[in-house]
Amino acid sequence: MNCLECDAQVAVPSDAIQGEILTCRECGTSFELVRTGSEGLFALQPAELEEEDWGE
Ligand SMILES: [Zn+2]
């Protein structure tokens, strides 16, 4: 699937689970995987990185 910010390809692991955080390699935006209606399909939604503090 594609990044919502820059439309770059974002790789989704074959064993991805709901709630998994993916980061776009192009723009660095993080997204959370959320289930769509169909089993095994996911969508991206912007994620707030509250658990990780990069200190920037
Ligand atoms: Zn991006």
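Strand S1 (residues 21–23) runs antiparallel to S2, to which it is joined by 3 bridges. The model described here is predicted. Within this pairing, isoleucine 21 faces glutamate 32 in S2. The S2 strand also pairs with S3, again in antiparallel fashion, through 5 bridges; here arginine 35 has phenylalanine 42 of S3 as its bridge partner.

| Hairpin | Residues between the strands | Glycine with positive phi |
|---|---|---|
| S1 and S2 | 6 residues | glycine 28, near 80 degrees |
| S2 and S3 | 6 residues | glycine 40, near 85 degrees |

A zinc ion is held by the SG atoms of Cys3, Cys6, Cys24 and Cys27 at 2.3 Å. Along the chain, these donors are spaced as C-x2-C-x17-C-x2-C. The angles among the 4 donor atoms are 106 to 115 degrees, and the site is tetrahedral. For four tetrahedral donors the ideal angle is 109.5 degrees.

The largest nonpolar core comprises 10 residues, among them Cys3, Cys24, Ala8, Val10, Phe31 and Phe42. Strands S2 (30–35) and S3 (42–46) each contribute at least two residues to this core. Cysteine 24, a zinc donor and a core member, contacts Cys3, Cys6, Ala8, Val10, Thr29 and Phe31, leaving aside residues up to four places away in sequence.

Conventions:
Residues numbered from 1 in each chain as written. Predicted model: local features only at pLDDT ≥ 70, side-chain atom pairs only at ≥ 80, totals over all residues. Heavy atoms only, no water. Core = buried A, V, L, I, M, F, W, Y, C linked by side-chain atoms within 4.5 Å. Buried < 20%, exposed > 50% of the residue type's maximum accessible area, 1.4 Å probe, protein only. Helix = DSSP H or I, 4+ residues; strand = E, 2+ residues; numbered from the N terminus. Contact = heavy atoms within 4.5 Å. Pairing = 2+ DSSP bridges. Donors = N, O, S within 2.8 Å, 3.2 Å for Na, K, Ca; no water. Tetrahedral: all angles 85-135°; square planar, octahedral: opposite > 155°, others 65-115°.
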